[in-house]
Amino acid sequence: KALELRPQLGRTMFFLAAVQKADGDYDGALGSLAVVRRQYPRDRVVLNQIARIQFLQRKYAAAIETLKAVNAVDPEDVQMHYTLMLCDRGLGDTAGTEREEKLFRRFKADESSQAITEARRRLSPEDNNERQPVHDHESAVRVEGK
């Protein structure tokens with residue numbers, strides 16, 4: 001129904017891409033993600049999904065090029081480093097694989113720290129929202145008391 005109402009809506013196309021990817025329709029998923037990328041060219045979640053699909057297609061060099069765009073947005077993006085590690089491994093680049101594995105391990109979430117940050121996240125829904133891989137941003141500024 002969402003596709004009928006607003007077929008080019010970024011969110012709709014992103015979730016359509018997820019379904020296409022799960023169904024193995026990688027070309028379809030890349031087409032849907034291209035629509036989203038045109039709307040949000042620096043969205044690292046979208047870029048990471050594109051790179052992941054390129055990796056699954058064994059288009060390692062193309063995935064690395066896509067991941068360079070993620071790196072320009074967030075050089076500490078853990079998903080980017082993980083996918084780069086896999087692409088370098090696929091290309092037989094041992095040095096690149098080792099470098100990316102070190103960076104992946106460095107930026108990977110410390111699961112034991114979740115208990116430490118839990119109280120803060122409960123107090124600040126906005127901060128907790130930001131740490132979610134896919135999340136919403138309020139489109140209007142809220143005025144206190146309204």
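Glu100 lies in helix H7, which spans residues 94–107, where helices are DSSP runs of H or I with at least four residues, numbered from the N terminus. This is a predicted model, in which local features need pLDDT of at least 70 and side-chain atom pairs count only at pLDDT 80 or more, while totals for chains, interfaces and linings use all residues. Residues are numbered from 1 along each chain as its sequence is written, and side-chain values use heavy atoms, with hydrogens and water left out.

**Surroundings of Glu100**

- Glu100 has a relative accessible area of 4% and is therefore buried (under 20% is buried, over 50% exposed, and in between partly exposed, with a 1.4 Å probe and protein chains only).
- The side chains of Glu100 and Arg99 are joined by a polar contact of 3.3 Å (N or O atoms within 3.5 Å, one able to donate a hydrogen and the other to accept it within protein, with residues adjacent in sequence counting only through side-chain atoms on both sides).
- Apart from neighbours within four places in sequence, Glu100 is in contact with His81, Leu84, Met85 and Asp88 (heavy atoms within 4.5 Å).

**Aromatic pairs**

- The structure holds three aromatic pairs (Phe, Tyr or six-membered Trp rings with centres within 6.5 Å; planes under 30 degrees apart are stacked, over 60 edge-to-face, and the rest tilted).
- One of them is the edge-to-face pair of Phe14 and Phe15, at 5.4 Å centre to centre and 90° between the planes; Phe14 is buried at 15%, whereas Phe15 is partly exposed at 45%.
- Phe55 and Tyr60 form a tilted pair, with 5.7 Å centre to centre and 45° between the planes; Phe55 is buried at 17%, and Tyr60 is buried at 16%.

Notes:
Helices (H or I, at least four residues) and strands (E, at least two) are DSSP runs, numbered from the N terminus.
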